[in-house]
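The sequence and structure come first.

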Amino acid sequence: MKFTVERLKLQKALQRVGNIIGSRSMLPLLGNVLINAGENGLELTTTDLELRLVTRVEAEVSEGGITTLPAKKLASLVSSFSGEMVEFDINDKDFARITCGTAKFTLLGLSAADFPEALAFDPVETITIKESVFKRMIGSISYAVSADDSRKVLTGILLSLRDNAMTLVATDGKRMAMQEAAPDSVTGADANSIIPLKAMVELRRQLEGDEMLTIEVGEKLCRFTCSGVILTSKLIEGAYPNYRQVVPSKFSREVELPVSALLSKIETVALMIAGVNSSIILRFADNQLQLQASSAEVGEGSDILETEFSGEPFEVSFNPVFLADPLRNTDADMVRFKLNDPLSPVAIEAGEGFIYIIMPIRKK
């Protein structure tokens with residue numbers, strides 16, 4: 001097979017499909033990129049058996065064919081070249097001669113015959129939504145996904161369709177983040193699917209603009225088609241917790257706070273905390289929010305944020321990391337705290353369609 005491709009285009013394509021390749025795979029082929037050269041240019045594919053990434057590159061193909069080459073090594077070579085065009089001449093033994101300007105290299109590949117084939121996929125739901133909207137949705141909740149494999153369903157993000165509204169949900173059992181949006185179109189019945197966090201993080205990395213993203217969901221697989229990339233992922237099997245039951249039906253107190261100022265004061269006061277189980281105290285009284293933290297190992301500190309709060313003074317304690325996470329990952333200027341009592345779930349609303357539920361820490 002022989003083809004010529006623009007170096008910068010090939011470099012970008014290799015970067016797009018190279019992220020999912022691990023360094024410790026037991027299968028050498030999983031470290032390679034599948035290159036299929038045909039009339040429409042090049043199709044590049046990588047997989048880790050859970051995710052599969054495909055992208056296309058314009059190329060002048062004089063002799064078509066298919067092979068696999070070491071992805072990271074090829075990417076390193078292409079990024080170090082200085083010429084504009086890269087020429088490939090690959091024989092039937094998967095031995096590649098690569099030329100770019102004055103640079104000439106050879107690279108040993110592996111047969112494409114043993115490269116994992118794409119699994120059969122029959123979508124039952126199809127959703128279209130702007131790339132920028134879905135990217136924001138993922139970023140606003142992904143930090144709340146559990147890292148504990150003992151509850152596999154919590155290591156993914158729930159994609160829930162209900163009455164033509166789409167909700168993404170993440171929880172680790174101690175806090176829950178959910179983001180709702182209205183897709184541009186939905187085909188199929190209401191359903192819930194659990195998408196691995198790795199797939200969502202990779203998809204967010206791929207979403208670059210404001211084009212339309214197509215989401216197809218089957219019984220065991222999902223497929224995302226965006227500008228230039230097709231990402232296919234296995235779904236996590238199991239029943240996700242009923243996230244709607246976690247949200248209290250009513251609250252007795254509400255207070256609105258500026259995101260930037262609140263986050264800054266949380267981070268500053270939390271410097272006095274030692275240990276993962278420490279907490280930060282929020283004390284609402286007389287149009288002020290006082291933030292306070294202390295530890296025997298470090299010291300103590302407090303700060304005040306002016307706000308509109310009236311009524312009986314109210315005090316509640318939180319894990320400072322859990323409290324700061326939604327503030328770090330929102331583009332809203334203001335957040336609304338909704339509270340009942342120092343031991344009941346607290347809701348934080350930021351921007352349109354976002355709700356974060358966090359449990360206060362019980363005082364010892």
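Are Y143 and Y356 buried or exposed? Both Y143 and Y356 are buried, where buried means under 20% relative accessible area and exposed over 50%, with partly exposed in between (1.4 Å probe, protein chains only). The model is predicted: local features need pLDDT of at least 70, side-chain atom pairs count only at pLDDT 80 or more, and totals for chains, interfaces and linings use all residues. Residues are numbered from 1 along each chain as its sequence is written, and side-chain values use heavy atoms, leaving out hydrogens and water.

**Aromatic rings**

- The whole structure holds 4 aromatic pairs; rings of Phe, Tyr and Trp (its six-membered ring) pair if their centres lie within 6.5 Å, and planes under 30 degrees apart count as stacked, over 60 as edge-to-face and the rest as tilted.
- F134 and F224 form a tilted pair, because their ring planes are at 40°, with centres 6.3 Å apart.
- Both F134 and F224 are buried.
- The rings of Y143 and Y356 have centres 6.1 Å apart and planes at 50°, so this pair is tilted too.
- The charged end of R175 sits over the ring of F322, 4.0 Å from its centre (NZ of Lys or CZ of Arg within 6 Å of the ring centre and within 35 degrees of the ring normal).

**Sheet**

- An open antiparallel sheet has 5 strands in the order β5-β1-β7-β8-β9 (strands are DSSP runs of E, at least two residues; helices are H or I, at least four; both are numbered from the N terminus).
- Strands pair if DSSP finds at least two bridges between them; β1 (residues 2-6) and β7 (residues 85-90) are joined by 5.
- K2 stands opposite D89 in β7.
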